[in-house]
Amino acid sequence: SLVDCFSREDLYTLGFNSAPTLKLNQFVVDKLIALSEEGHRIWVVTGSLEPFVEGVVDQLKWPIERVLGTSWEPEVIGTPGLKECLRHEKVKRIQSIVDCEPKKVVNAVAYGNLPDDGPMLSLAEKSFSVSNGKPNLLTH
């Protein structure tokens with residue numbers, strides 16, 4: 001399995017080294033940076049492997065406070081050791097952190113893909129579905 005082949009550090013290094021070659025949605029990246037400069041706390045919540053994305057974030061020096069992604073946990077059914085961060089799992093993971101945060105967490109803006117990110121997007125005050133690289137404002 002993937003867990004047997006790569007350590008968390010291996011995946012981080014792969015993300016760090018791959019970052020310059022990735023095709024990014026520059027519009028969304030620019031928005032995240034602008035929101036950070038306005039004082040907002042930025043989280044990346046993704047179905048991708050968490051340590052890989054942490055490596056990308058660090059290499060590109062993005063102002064990201066927290067990455068929530070697919071991680072290894074032994075109790076998962078399916079792929080041994082993988083705890084996928086998809087659909088309703090994203091909402092559960094976000095909520096579990098928000099409930100324990102001493103600072104108030106406001107999910108003011110979210111970007112994602114439909115239908116997979118629908119539950120997460122519904123948490124935000126303002127949300128955008130991204131299709132073909134273009135964000136579309138959703139109404140709740």
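Me: Where is lysine 90 placed?
Reply: Lysine 90 sits in helix α5 (residues 87-98). Helices here are DSSP runs of H or I, at least four residues, and strands are E runs of at least two, numbered from the N terminus. This is a predicted model: local features need pLDDT of at least 70, side-chain atom pairs count only at pLDDT 80 or more, and totals for chains, interfaces and linings use all residues. Residues are numbered from 1 along each chain as its sequence is written, and side-chain values use heavy atoms, with hydrogens and water left out.

Me: Why is lysine 90 called buried?
Reply: Its relative accessible area is 4%. Buried means under 20%, exposed over 50%, partly exposed in between (1.4 Å probe, protein chains only). So lysine 90 counts as buried.

Me: What makes tyrosine 12 and phenylalanine 16 a stacked aromatic pair?
Reply: The whole structure holds 2 aromatic pairs. In this one, the rings are 6.1 Å apart centre to centre, with 25 degrees between the planes. Rings of Phe, Tyr and Trp (its six-membered ring) pair if their centres lie within 6.5 Å; planes under 30 degrees apart count as stacked, over 60 as edge-to-face, the rest as tilted. Both values pass, so the pair is stacked.

Me: Why is tyrosine 12 called partly exposed?
Reply: Tyrosine 12 has a relative accessible area of 28%. That lies between the 20% and 50% limits, so the term is partly exposed.

Me: How do you know that arginine 66 lies over the face of tryptophan 43?
Reply: Arginine 66 is at 5.0 Å from the ring centre. The rule asks for NZ of Lys or CZ of Arg within 6 Å of the ring centre and within 35 degrees of the ring normal.
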